[in-house]
Amino acid sequence: MSAPTTTRADQTAMTHREIMEALSGLLLVLFVAMASSTIVSTALPKIIGDLNGSQTQYTWVVTATLLTATASTPIWGKLSDLYSKKMLVQISIVVFVLGSLIAGFTQNTEQLIAARAFQGLGMGGVQALVQVAIAAMIPPRERGRYNGYLGGVMALATVGGPLLGGLIVDTDALGWRWCFFIGAPLAVIALIVLQKTLHLPVMRRDNVKIDYLGASLIAAGVSVILVWVSFVDSSFAWMSWETFAMVGGGLILLALAVWVESRVSEPVVPLQIVRQRTTALAIIGSLAVGMAMFGGSVFLGQYFQIGRGYSPTQAGLLMIPMMIGILISSTIAGRMITKSGQIKPYIVAGTITLVAGFAGLSMLDHDTSLWYVGASMALVGIGVGMSMQNLVLAVQNTVSLKDIGAASSTIAFFRSLGGTIGVSVLGAVLARRVSDSMTEQLAAAGQSGGSSDGVSALNLSSLPEAVQHMVRAAYGDATGHIFLISAAVAVIGVIAAIAMKPAKLRSTVDIGTPLVADVKEPALAK
């Protein structure tokens, strides 16, 4: 078989100023993409209440976005190894903007879920390609310092987003639809900045083969299982034909995906990379961190508003301890990793702190002290900040340049998958416990049936005052239980981090002994 034809633009090592200029556009679009989820997390109780949606629909507005982002992430990453990284970043921005505008005009929860699913396609591209672009610009030995900026932006989006979302919802002149509209102009600005500042090598291969079948099987398998999680024990029993059909079907689809990935020439999730010890353990750790990052922002916002009665803006302010924790820990850890060259100690410390934070949040109820809640949230933030980006960095340090795109997107894929599964599973558990609690409280009060015929429990303003108190108590008390589950999952992340092999950051973009096949893709910097 002949070697593929490769065309590469002239590229020399970028100066710090050039890197910062390009990084400004990349970080801006990353902020917009991540904030699109966190802004909605605070506004979602109001949105679902106005649209008269259910707790299951509440969860799926988030899950749909994460699911399509997860499914598309490895495809974007693989394409980045084959086509222009700059062009792909720009395409993902355009898809994201269109999805945001469509979501802003939706009229019911079904339309909103569909629009958010489309928006997730662009979000998956942005989240994967930004890290791929950074890996292509900066040698691994220096990447820790710049990863600090990346972690800071993620911190601002993760918890600063809810504050912005709360302000938008509480402003009568705007309303919740602007939670979707506001990201469009910022994304366009990022598009313009990147056009002028981002200059990466362009590689084109004649024998391009994209594994659409493998990606479709992965998305279908995960979707079927998550749909089962959302409806089991409510619409049908655990031991029922629906359970066997959906779980069995999902596992079969995932098994077929593995079979396909092991045989295609351009797998969307390269198994030879996944089999590497560092990558495999980083994947396990990323699943736990993903649950922390997404589950925390989604259900804490609901806890403060529904369980405690605070406004969207107040809920955003109450989530600041988590933002501060992520911001400070990611920045400090990034600089210390660059100085020492060691990654593993910070990942281990981060995952242990994450477990401690979740353990603290597991004690929540509807009247827990806000000081206690804030301290536990700060621990979760510190844990996420020390581990999330450094898991990607550890993997990038162990693979060759030609595989960085696939490896980075694979970690992002499993982190998003962890968030998707986390939000879906925790949402289903929360919905069930709230339903049971409401039934018990209504029975104790001599009532029967739902909280109010035809009215969503999340639409508090339309419920009788007595029922409002029941709803707040139900949500407040149920939230602690879902974080106990998160703490148990995070323990697995600790075990994976401890088992990782220690390694120093290398000082060049590519590995020190390139293979003959890699000659066509020379290192960007020496």
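Tutor: Start with the largest cavity, which has a volume of about 90 Å³. A cavity is a set of points on a 1 Å grid over the protein atoms where a 1.4 Å probe fits but cannot get out. Its volume is the space filled by probe spheres set on those points. The whole structure has 8 cavities of 30 Å³ or more. The model is predicted, so local features need pLDDT of at least 70 and side-chain atom pairs 80 or more, while totals for chains, interfaces and linings use all residues. Residues are numbered from 1 along each chain as its sequence is written, and side-chain values use heavy atoms, without hydrogens or water.

Lining residues have an atom within 4 Å of a cavity point. There are 15 of them here, and the closest to the centre are Val32, Ser36, Ile39, Ile182 and Gly183. By class, 10 are nonpolar, 4 polar and 1 charged. Gly counts as polar; the charged set is Asp, Glu, Lys and Arg.

Which helices supply at least two residues each to this lining? They are α1 (16-50), α3 (85-104), α4 (109-137), α6 (178-181) and α7 (183-197). A helix is a DSSP run of H or I, at least four residues long. The most comes from α1, with 5 residues.

Follow α7 next. It has 15 residues and spans 21 Å from first C-alpha to last, close to the expected 21 Å. The expected span is 1.5 Å times one less than the number of residues. In α7, Gly183, Ala184, Ala187, Ala190, Leu194 and Thr197 are buried. They sit on the same side of α7 because they cover an arc of only 160° around the axis. Buried means under 20% relative accessible area, exposed over 50%, and partly exposed in between, with a 1.4 Å probe. The arc uses directions from the helix axis to the C-beta atoms.

Turn to α6. Trp178 and Phe181 form an edge-to-face aromatic pair, with 5.4 Å centre to centre and 85° between the planes. Rings pair if their centres lie within 6.5 Å; planes under 30 degrees apart are stacked, over 60 edge-to-face, and the rest tilted. The two residues are 3 apart in α6, so about one helical turn separates them. Trp178 is partly exposed at 40%, whereas Phe181 is buried at 13%.

The structure holds 5 aromatic pairs. Another one is Phe358 with Phe483, stacked at 6.0 Å centre to centre and 20° between the planes. This pair links distant parts of the chain, 125 residues apart: Phe358 lies in α14 (residues 344-361), Phe483 in α17 (residues 465-499). Phe358 is buried at 1% relative accessibility, and Phe483 is buried at 1% too.

Stay with α17 for a moment. Val491 also lies there. It is partly exposed, at 37%. The C-alpha atoms of Val491 and Ile352 are separated by 7.6 Å, although the residues are 139 apart along the chain.

Last comes α13 (residues 320-340). It has 21 residues and reaches 30 Å, close to the 30 Å expected. Its buried residues include Met322, Ile326, Ser329, Ala333 and Ile337. Just after α13, Gly341 takes a positive phi of about 80°.

Terms used. 1 Å grid on protein atoms, 1.4 Å probe; cavity = no way out; pocket = protein on both sides within 12 Å on 5 of 7 lines; lining within 4 Å.
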